[in-house]
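Please open the structure in your viewer and keep the sequence panel beside it. The tour below moves from one selection to the next and says what is found at each stop.

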Amino acid sequence: EIATEKAKVCGACGRVDAPLKCPCKAVFYCDQECQGASWESHREVCSWDLERKVEKLRRRVGRDDLAVGKAAFELGMLYREQDRLSDAEKWFKEALRIFRLVLGEGHVQVAAVCGLLGDVLSHQGKLEEAIKMHKL
């Protein structure tokens, strides 16, 4: 039988059956000491931490600010790399909304997000939406 759950290996020391999971669901830890030891490196790819930063940024500069769009794009990329496609779709759509509003339909960043979003939609079997993204 093929295991469907991710192995609970500590992201810091490698111990098997680590009981703690980061809120981002990407890594496990033995205890708070191991979590603290790996935080600086994990922080850069921790979607939970990055989502919190986006929310703080929205409150500080407004939901339609280009900086929020760039942060949403980065989250979309991270989720895409983690194969969390529905989350990637959500954040790419938010980035696309902001880029269209701030930069305009013909901007290169709008085109880039459309292509990435089309690929994510295609991999989820949302072919009609994917085709629309690739036609833009």
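**First stop: H3 and H4**

In this predicted model, begin by selecting helix H3 (residues 66-81) together with H4, whose axes come within 8 Å and cross at roughly 155°. Because angles over 145 degrees count as roughly antiparallel, H3 and H4 are described as roughly antiparallel to each other, and H3 passes H4 in a left-handed crossing. To display the contact itself, show the side chains on both helices: among the residues of H3 that take part are Leu66, Ala72, Phe73 and Met77, and they belong to a set that meets residues of H4 including Trp91, Phe92, Glu94 and Ile98. By class, this contact of H3 with H4 has 15 nonpolar, two polar and four charged residues.

**Second stop: Glu94**

Now select Glu94, which lies in helix H4 (residues 85-103). Is Glu94 buried or exposed? With a relative accessibility of 13%, Glu94 counts as buried, since buried means under 20%. Leaving aside residues up to four places away in sequence, Glu94 touches Arg58, Arg63 and Ala72. If you then pick Val113, 19 residues from Glu94 along the chain, the C-alpha atoms of the two are separated by 10.0 Å.

On H5 the contact includes Cys114, Leu117 and Leu121, while on H6 it includes Leu127, Ala130 and Met133. The residues of this contact divide into six nonpolar, four polar and two charged.

Definitions and conventions
Residues numbered from 1 in each chain as written. Predicted model: local features only at pLDDT ≥ 70, side-chain atom pairs only at ≥ 80, totals over all residues. Heavy atoms only, no water. Helix = DSSP H or I, 4+ residues; strand = E, 2+ residues; numbered from the N terminus. Buried < 20%, exposed > 50% of the residue type's maximum accessible area, 1.4 Å probe, protein only. Contact = heavy atoms within 4.5 Å. Axes fitted to C-alpha atoms, helices over the stretch in contact; angles between N-to-C directions. Parallel < 35°, antiparallel > 145°, perpendicular 65-115°, else oblique. Left-handed = near helix turned anticlockwise from the far one by under 90°. Nonpolar A, V, L, I, M, F, W, Y, C, P; charged D, E, K, R; others polar.
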